Amino acid sequence: MNQMKDKPIFPLLMSMAFPPMISMLIQSLYNVVDSIFVAKLGEDALTALYKTFHSQ
């Protein structure tokens, strides 16, 4: 069975879109938790983290 040919569009789209969505959610949560942890170290540490992420 060729899923790209035989499967309805919406279920196919959801089955292909769900894994990247979960991956982006996990990465975003990691960044939030990392920022919270670094913020506890001080304002200078958080500023350094921000500049590291946005200097690219």
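Visitor: What share of the 56 residues of the protein chain counts as buried?
Guide: A residue counts as buried under 20% relative accessible area. In this predicted model, 5% of the 56 residues count as buried.

Visitor: Which elements does the protein chain have, helices or strands?
Guide: Count the elements, then read their order. The protein chain has three helices and zero strands. Along the sequence the pattern is α-α-α. The radius of gyration is 19 Å, well over the 10 Å that the globule rule gives for 56 residues, so the protein chain is more spread out than a compact globule.

Visitor: What does the C-alpha trace span along its principal axes?
Guide: The spans are about 55 × 20 × 15 Å.

Visitor: Where is Ile 26, and is this residue buried or exposed?
Guide: Ile 26 has its place in helix 2. Exposed means over 50% relative accessible area. Ile 26 has 55% relative accessibility, so it counts as exposed.

Visitor: Where does Val 32 lie, and what is its relative accessible area?
Guide: Val 32 lies in helix 2. Its relative accessible area is 47%, so Val 32 is partly exposed.

Visitor: How many Å apart are the mean positions of the positive and negative charges?
Guide: The protein chain has 4 positive and 4 negative charges. Their mean positions are 13 Å apart.

Visitor: Which element has the lowest mean pLDDT, and which the highest?
Guide: pLDDT is the predictor's confidence in each residue. Start with the chain: its mean pLDDT is 87, and 96% of its residues reach 70 or more. Among the elements, helix 3 (residues 43-54) has the lowest mean, 82. Helix 2 (residues 9-41) has the highest, 92.

Terms used. Residues numbered from 1 in each chain as written. Predicted model: local features only at pLDDT ≥ 70, side-chain atom pairs only at ≥ 80, totals over all residues. Heavy atoms only, no water. Helix = DSSP H or I, 4+ residues; strand = E, 2+ residues; numbered from the N terminus. Rg over C-alpha atoms; globule rule 2.2 N^0.38 Å. Buried < 20%, exposed > 50% of the residue type's maximum accessible area, 1.4 Å probe, protein only. Lys, Arg positive; Asp, Glu negative; His and termini not counted. Charge placed at Lys NZ, Arg CZ, Asp CG, Glu CD. pLDDT = per-residue confidence, 0-100.
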